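Let's take a walk through this structure together, starting with its charged contacts and then moving on to strands and cores.

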2 protein chains.
Amino acid sequence: MKIAIMGYGNLGKGIECAVRQNEDMELVAVFTRRNPETVKVASGVPVYSVDKLPEMKDKIDVLMMCGGSATDLPKQTAEYAKYFNVIDSFDTHAKIPEHFANVDKAAKEGGKIAMISVGWDPGMFSLNRLYANAILRDGSDYTFWGKGVSQGHSDAIRRIPGVKDAKQYTIPVESALEAVRNCENPVLTTRQKHTRECFVVAEEGADKAWIENQIKTMPNYFADYDTTVHFITEEELKRDHAGIPHGGFVLRTGKTGLNGEHNHVIEYSLKLDSNPEFTACVLVAYARAAYRMNQEGMKGCKTVFDVAPAYLSPMTAEEMRSKLL
Amino acid sequence: MKIAIMGYGNLGKGIECAVRQNEDMELVAVFTRRNPETVKVASGVPVYSVDKLPEMKDKIDVLMMCGGSATDLPKQTAEYAKYFNVIDSFDTHAKIPEHFANVDKAAKEGGKIAMISVGWDPGMFSLNRLYANAILRDGSDYTFWGKGVSQGHSDAIRRIPGVKDAKQYTIPVESALEAVRNCENPVLTTRQKHTRECFVVAEEGADKAWIENQIKTMPNYFADYDTTVHFITEEELKRDHAGIPHGGFVLRTGKTGLNGEHNHVIEYSLKLDSNPEFTACVLVAYARAAYRMNQEGMKGCKTVFDVAPAYLSPMTAEEMRSKLL
């Protein structure tokens, strides 16, 4: 399977690593909107300008779309789904129906498979919500995120005047998680589910009390949460907060029995040292599925809900049944 | 969707409850090898002798096979797959290839879908092993069972002379689970993974020390485990150990990055008050899938690996994308 990467940021670099762990795949090229000569790739594969993509049509089995959900993917995925099997990690939830429709049209025109919103949330978390809902029909859903770095919240802090750099961690409230696991069916407010912890490097002479207040009262991002702010040095930020860890929990609790007398808890959780590298691993597994499904004649836009699990594994059906079932 | 139950034991009763939680399904009949007049069903649906099954061919969309894996399912699933879409929970791991081949032949002849080995292990645990293996290619798998009642181990104790009744709990070793979660990649012996706790009602005058020794030294069942034996009264057994709880944990840990520098943990767990009722819920969700896949023209033997998740949910594709993705 010949894989190419469109966009060489954190996710693209993660794809590069992930492909090397899959013997049935080969990374053939990285495409960039930057000057290709300025992009150094770890694996030494050729780096091309995005303009060269159309002429590579027959040399790539799956194109991994590694741009952002805000402006890149809404254009790019549909554009390239005409020529390539593509995978993206589009995560702007409210715009998924529109994105799906655009991409579906393009992929069907091109006779290709386009998988959108692949990753862990949306992605593996979505799958677990679906399975758990199909099984426990009378129940409640809970999703907790963290402990992990929220890029959006870190960026929001960095935009405050006087802030040089910042990193924000989203942390699930342990007592809320426990109440869910105990089948107490808690109704949880935003504040009761997650806390936010911020590590901030202030510019010299900045008013730290004012910055802290700006953070804690910021609408949407922090005002509805119990937020802790730590001021640290630039060195400390680099030393202790360089990683991009993340993770979270998807739970469904539900009742069965003639009178709902039995409780059940289904829990799925992830603890990830590197959010982009794990996301990349999920995308690469779905690249295998996209390629195989297209080989079987399928086309159009798909999500993780549409993919039979067997397509994801390099094993044969017999091997899967004997080793994993 | 018209559902029928073949075999009215714990699993069959669970199916009866589960169908009532699904608005798109209706339980139309229970079939039994016993005298139908002796079988009382909670929902009041008709109970028929198994001999009447062939003439119901056009009145049933999916037949739920609720017999045992030892002798019932190896015969019955293949037999009825010629006439009905069927679901079973066949769990004799070593015989899955043979069972698959027999059932596949029958289902293809009949133009039906036959899903085998559905439940939670095999079933949801298998699915999680597959997904996690496809994502984290460089890693280790762990499955822990419990805390829960093992029917096989309880039966083994009951066969010891002087034992009136018994219940055995399989319990995962918490420190082993923690070592896995901490990415220590432990190599665990049987003894290090699970302990066994037995509650035994001895017959009057029985030699309890001898019984305890018989249990603890029983090959395959107990000799390789740290086993605790409690002697209790028949009343205590009924009062405190009447349930059939179970559950467990599927974990995969793995590395990513250019030099394997990042660790990741994927964990799936179940905590079930009633093992048969939960298993029944999984079977019913796969009944929906079997019916739909057959409506689309698919046929033959399938496992959970072959079923796109969307087939399990009563929601439309649009609803799923907006509510679960």
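A salt bridge here is a side-chain nitrogen of Lys or Arg within 4 Å of a carboxyl oxygen of Asp or Glu. Please keep in mind that this is a predicted model.

**Salt bridges**

Searching the whole structure over all chains turns up 38 salt bridges. One of them joins B:Arg252 to B:Asp141, with 2.9 Å between the closest N and O atoms. B:Arg252 belongs to strand β12 (residues 246-256) of chain B and B:Asp141 to strand β7 (residues 139-145) of chain B, so this pair ties together parts that lie 111 residues apart in sequence. Are the two partners buried or exposed? B:Arg252 has a relative accessibility of 4% and counts as buried, because the cut-off for buried is under 20%. B:Asp141, at 39%, counts as partly exposed.

| Pair | Closest N to O distance |
|---|---|
| B:Arg252 and B:Asp141 | 2.9 Å |
| B:Glu174 and B:Arg181 | 3.7 Å |

B:Arg181 is buried, with a relative accessible area of 16%. B:Arg181 and B:Glu178 sit three residues apart, about one turn of the helix, in α6 (residues 174-181) of chain B. Over in chain A, a network of salt bridges links A:Glu174, A:Glu178, A:Arg181 and A:Glu267.

**Strand β12 of chain A and its partners**

How many residues of strand β12 (residues 246-256) of chain A are buried? The count is 10 of its 11 residues, leaving the strand mostly covered. Strand β7 (residues 139-145) of chain A runs antiparallel to β12(A), and seven bridges join the two. Across this pairing, A:Tyr142 stands opposite A:Leu251. β12(A) also pairs with strand β13 (residues 262-272) of chain A, again in the antiparallel sense, over 11 bridges. There, A:Gly248 has A:Leu270 as its bridge partner. β12(A) and β13(A) form a hairpin with five residues between them, and A:Gly257 in the turn has a positive phi of about 105°.

**An open sheet in chain A**

Four strands of chain A make an open sheet in the order β8-β9-β10-β11, with mixed pairing. The edges are taken by β8 (148-149) and β11 (226-231) of chain A; each has a single partner strand, so one side of each is left without a neighbour in the sheet. β8(A) pairs with strand β9 (residues 163-172) of chain A in the antiparallel sense over two bridges, and the bridge partner of A:Gly148 in β9(A) is A:Thr170. Packing on this sheet is helix α5 (residues 151-158) of chain A, which touches β8, β9 and β10 (194-202) of chain A. The direction of α5(A) makes about 145° with that of β9(A).

**Nonpolar cores**

Which residues have the most contacts inside the largest nonpolar core? They are A:Leu63, A:Tyr286 and B:Tyr286, in a core of 170 residues. Helix α10 (residues 275-295) of chain A gives the most to this core, with 13 residues. Leaving aside residues up to four places away in sequence, the contacts of B:Tyr286 include A:Tyr131, B:Ile87, B:Met115 and B:Leu312. A second, separate core has 13 residues, among them B:Ile160, B:Val200, B:Ile215 and B:Phe222.

Terms used. Residues numbered from 1 in each chain as written. Chains lettered and ligands numbered in written order. Predicted model: local features only at pLDDT ≥ 70, side-chain atom pairs only at ≥ 80, totals over all residues. Heavy atoms only, no water. Buried < 20%, exposed > 50% of the residue type's maximum accessible area, 1.4 Å probe, protein only. Pairing = 2+ DSSP bridges. Contact = heavy atoms within 4.5 Å. Axes fitted to C-alpha atoms, helices over the stretch in contact; angles between N-to-C directions. Core = buried A, V, L, I, M, F, W, Y, C linked by side-chain atoms within 4.5 Å.
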